Structures are given as C-alpha cells and as structure tokens.
Amino acid sequence: SDSDTDSELGYQADHGSIENNTTASSTAWETASSVEAQMVLQQRKRKKLWMATVASEFNRKPVGKEWVQVAQQSNLLPTPLTADAVAKFLFSTPNLDKTQ
C-alpha cells in the first residue's frame with residue numbers, strides 16, 4: 001500500500017491534514033459563494049417587487065407621471081428620463097396593461 005511505501009522511505013505524511021485543509025478551503029469558498037448567491041437573489045426579488053409596484057401604478061393611471069416617478073425612485077428608469085429607457089421598460093416589464 002501507499003502508506004507502507006511511504007513508511008519504508010521514511011515519509012511521515014499526514015493525509016488527514018491535507019484533506020482537512022482542502023475541506024476547510026472548499027467550505028469557505030462555498031460559504032462565500034452562498035452568501036453572494038443570496039445577495040443576488042435578494043436583489044432580484046427587490047427588483048421584481050419594484051417592477052410589480054410600477055406595473056400596478058402604470059395600470060392604474062398610465063397617462064399620469066406617478067408610475068414614472070416610482071420607476072425612477074426604484075432605479076428602474078434613469079434620471080433624466082430618456083425615450084429609449086421608457087420604451088425598453090415598457091417592452092420588458094411583465095404585467096403592464098398595454099391596451100390603455
């Protein structure tokens with residue numbers, strides 16, 4: 001076996017410590033990755049909530065400026081407003097009543 005060969009050659013390898021270091025390193029990486037994934041998920045949820053809020057405001061009164069202000073406050077639309085940004089927003093936002 002490998003341990004017999006190592007012993008015969010005078011090596012005193014501690015296989016457990018190598019494994020433990022690898023495990024600790026993997027765990028740290030997985031934890032950091034998990035935290036980052038949770039942050040991304042929270043950001044997506046907030047954006048989805050804001051989009052639903054703006055869509056509701058738009059559907060309530062599409063001619064008014066309230067929905068634009070809410071979209072700008074939530075960083076879904078830029079300040080100052082551009083026609084291109086509004087067009088992209090209207091095209092890509094779900095649940096907008098575009099028949100009004």
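Q: Before anything else, what do buried, exposed and partly exposed mean here?
A: A residue is buried when its relative accessible area is under 20% and exposed when that area is over 50%, with partly exposed covering what lies in between. The model is a predicted one, and by these cut-offs Asp84, at 47% relative accessibility, counts as partly exposed.

Q: And Asp84, which residue does its side chain meet in a salt bridge?
A: The side chain of Asp84 meets that of Lys88, with 3.4 Å from N to O. The two residues both lie in helix H4, which covers residues 83-92, and they are four residues apart, about one turn of the helix.

Q: Is Lys88 buried or exposed?
A: Lys88 counts as exposed, because its relative accessibility is 54% and the cut-off for exposed is over 50%.

Q: How many salt bridges does a search of the whole structure find?
A: The search finds two. Besides the one between Lys88 and Asp84, there is a salt bridge between the side chains of Arg60 and Glu57, at 2.4 Å from N to O.

Q: Where do Arg60 and Glu57 lie?
A: Both are in helix H2, which spans residues 15-60, and they stand three residues apart, about one turn of the helix.

Q: Arg60 first, then: buried or exposed?
A: Arg60 is exposed, with a relative accessible area of 56%, whereas Glu57 is buried, because its relative accessible area is 18% and the cut-off for buried is under 20%.

Q: Switching to the whole chain, how many helices and strands are there?
A: The chain has four helices and zero strands, so that from the N terminus on its elements run α-α-α-α. Of the 100 residues in the chain, 19% are buried.

Q: How many aromatic pairs does the structure hold?
A: It holds two aromatic pairs. In one of them, the rings of Phe58 and Trp67 have centres 5.1 Å apart and planes at 90 degrees, so this pair is edge-to-face. In another, Trp67 and Phe89 are stacked, with 6.1 Å from centre to centre and 15 degrees between the planes.

Q: Why does the Trp67 and Phe89 pair tie together separate parts?
A: Trp67 lies in helix H3 and Phe89 in helix H4, so the pair ties together parts that are 22 residues apart in sequence. Phe58, Trp67 and Phe89 form one aromatic cluster.

Q: Now the backbone: which residues does a cis peptide bond join?
A: The cis peptide bond joins Thr79 and Pro80, with omega at about 0 degrees. Pro80 is placed in the loop between helix H3, residues 66-73, and H4.

Conventions. Residues numbered from 1 in each chain as written. Predicted model: local features only at pLDDT ≥ 70, side-chain atom pairs only at ≥ 80, totals over all residues. Heavy atoms only, no water. Salt bridge = Lys/Arg side-chain N within 4 Å of Asp/Glu carboxyl O. Buried < 20%, exposed > 50% of the residue type's maximum accessible area, 1.4 Å probe, protein only. Phe/Tyr/Trp six-rings, centres within 6.5 Å; stacked < 30°, edge-to-face > 60°.
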